[in-house]
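Here is a walk through one protein model, written for someone who likes to check geometry. Have the coordinates open while you read.

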Amino acid sequence: MTETDPAEGIVDFDAGEGEAATVVMDDYTKSLAQAKAKSVKLVDAITGATLKKKDAVHFDDLRPSLAEFMRQKHPDIRSDDYISRKAMDEYRAQYIAELLTDERGELSNLEDEVVESLKTHDTLAENIEEDYEDHRSIGDRMADMVAAFGGSWTFIISFCLFLTVWMGINLAMGESKAFDAYPFILLNLILSTIAALQAPIIMMSQRRQEAKDRLRALNDYKVNLKAELEIRHLHEKVDHLLNRQWERLTEIQQIQIEMMLEQAKAATRALKVSKASKVKTNALKNLFGGKPKAEEPDDSTE
């Protein structure tokens, strides 16, 4: 009598029968090994120089437009390479210069200053008032004081009082004794002289004010242009980082699902093996426990 093994019908997933339960993790392990090796020694993919961790930038973390621009210059750069921040700033400045050239034609001196500030991370905001005040001459200060006084209510009221007193004194003294009798020829000469001198002085002050406003407007233009370029760069950078984060989360989720499936299949195999061992144990008990029951009738006949 041949005994049948109850475990013959169990499918061994590890042996290749049925659905494969193993998960291929070679690529993931290789990428971890590469990341571990690069965390020890970071090398600039462009110059080949050794980089510190704070000065290294992962090429895959760059925004797509800048990464594509750098790939045009260096086609051998891979996504998992590192570059220095200095190289990134230089290529970023070149990229922005080409972008402004395509949008606005030839770059002006102001736009060159903006590109250079983006490269060196310098600030463009300036206090025009302080810089302008420090370079004023004595004549400029006097002209500003005269213009400020001539355009105030103090000047108007005091000048009206002066005219009233002048005319009142001459009228009270009479035509024979007055030093400037009616129609006040001397007063007209003084007023004409004051007007002739005050007008160019006020124009000088206004011209300097226009120059100050022009400098302020140019500085505002540079700051606004830099802010616009920085905001555009930040938008692209944030979008790229969000896409990268979703991709990594999806990869992690897929790995977790595969690991859970593998554990579930391993638990199913263990359960089937346990059931098979129980069936085998019961069969052996029944086999060896049935022999004494078969010998009892022979003893009763004797």
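This is a predicted model: local features need pLDDT of at least 70, side-chain atom pairs count only at pLDDT 80 or more; totals for chains, interfaces and linings use all residues.

Residues are numbered from 1 along each chain as its sequence is written, and side-chain values use heavy atoms, with hydrogens and water left out.

**The overall layout**

The protein has nine helices and four strands. These elements are DSSP runs numbered from the N terminus, with helices (H or I) of at least four residues and strands (E) of at least two. Reading from the N terminus, the order is α-β-β-β-α-β-α-α-α-α-α-α-α. Of the 302 residues, 24% count as buried; buried means under 20% relative accessible area, exposed over 50%, and partly exposed in between, using a 1.4 Å probe and protein chains only. Take the contacts between residues at least 6 apart in sequence, and 67% of them join residues at least 24 apart. Contact here means heavy atoms within 4.5 Å.

The buried residues of H7 include Phe 155, Leu 163, Trp 166 and Asn 170.

Aromatic rings are worth a look here. The whole structure holds six aromatic pairs. Rings of Phe, Tyr and Trp (its six-membered ring) pair if their centres lie within 6.5 Å; planes under 30 degrees apart count as stacked, over 60 as edge-to-face and the rest as tilted. Two of the pairs are set out below.

| Pair | Centre to centre | Angle between planes | Class |
|---|---|---|---|
| Phe 162 and Trp 166 | 5.7 Å | 55° | tilted |
| Tyr 182 and Phe 184 | 5.7 Å | 85° | edge-to-face |

Phe 162 and Trp 166 sit four residues apart in H7, about one turn of the helix. Phe 162 is partly exposed at 36% relative accessibility, whereas Trp 166 is buried at 13%. Ring pairs also link Phe 149, Phe 155, Phe 159, Phe 162, Trp 166 and Phe 179 into a cluster.

Which peptide bond is cis? The one joining Tyr 182 and Pro 183, with omega at about 15°. Pro 183 belongs to the loop between helix H7 (153-177) and helix H8 (185-289), and Phe 184 is in the loop between H7 and H8 too. Phe 184 has a positive phi of about 55° although it is not a glycine. Is Phe 184 buried or exposed? Phe 184 counts as buried, at 8% relative accessibility; its ring partner Tyr 182 is exposed at 66%.

**The core and the H2 region**

The largest nonpolar core has 22 residues, and those with the most contacts inside it are Phe 59, Leu 62, Met 70, Ile 83, Ile 96 and Leu 229. Such a core is a set of buried Ala, Val, Leu, Ile, Met, Phe, Trp, Tyr and Cys residues joined through side-chain atoms within 4.5 Å. H2, helix H3 (85-104), helix H4 (109-120) and H8 each give two or more residues to this core, and the largest share, seven residues, comes from H3. Beyond its neighbours within four places in sequence, Ile 83 is in contact with residues including Asp 44, Leu 51, Phe 59, Leu 62, Met 70 and Met 88.

Phe 69 is in helix H2 and is buried, with a relative accessible area of 5%. Its contacts, leaving aside neighbours within four places in sequence, are Tyr 91, Gln 94, Tyr 95 and Glu 98.

Asp 81 is in the loop between helix H2 (64-73) and strand E4 (82-84) and is buried at 11% relative accessibility. A polar atom of its side chain lies 2.8 Å from the backbone nitrogen of Arg 78.

Conventions: A polar contact is a pair of N or O atoms within 3.5 Å; within protein, one must be able to donate a hydrogen and the other to accept it, and residues adjacent in sequence count only if both atoms are side-chain atoms.
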